[in-house]
Amino acid sequence: MKYDCADEFDMSEIFAKLTSASKPMQVAAKDFFVREEFTLQDLRKALQRVTANK
């Protein structure tokens, strides 16, 4: 028995999504930091930890 993708996927919907204009998203940097009082020193420490693990 041959598998027919048309039964499971709507190819016209997939094609429309692939060819539609993309909408850029912007995310505020503050959303990535849990604490409000995140400082430059905290960032430096975090970067040192990350680079030390490489």
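Select helix H1, residues 11–19, and find Ile-14 within it; helices here are DSSP runs of H or I with at least four residues, strands are E runs of at least two, and both are numbered from the N terminus. This is a predicted model, in which local features need pLDDT of at least 70 and side-chain atom pairs count only at pLDDT 80 or more, while totals for chains, interfaces and linings use all residues. Residues are numbered from 1 along each chain as its sequence is written, and side-chain values use heavy atoms, with hydrogens and water left out.

Stay on Ile-14, which is partly exposed at 35% relative accessibility; buried means under 20% relative accessible area, exposed over 50%, and partly exposed in between, with a 1.4 Å probe and protein chains only.

Next, select Lys-17 and Glu-13, whose side chains meet in a salt bridge at 3.4 Å, N to O; the term requires a side-chain nitrogen of Lys or Arg within 4 Å of a carboxyl oxygen of Asp or Glu. Because the two residues are four apart in helix H1, about one helical turn separates Lys-17 from Glu-13. Lys-17 is exposed, with a relative accessible area of 59%, whereas Glu-13 is partly exposed at 42%. A search of the whole structure finds one salt bridge.

Then step back to Asp-10, in the segment before H1, which is partly exposed at 44% relative accessibility. Its side chain is joined to that of Ser-12 by a polar contact of 2.8 Å, meaning a pair of N or O atoms within 3.5 Å; within protein, one must be able to donate a hydrogen and the other to accept it, and residues adjacent in sequence count only if both atoms are side-chain atoms.

Finally, show the whole protein, which has two helices and zero strands.
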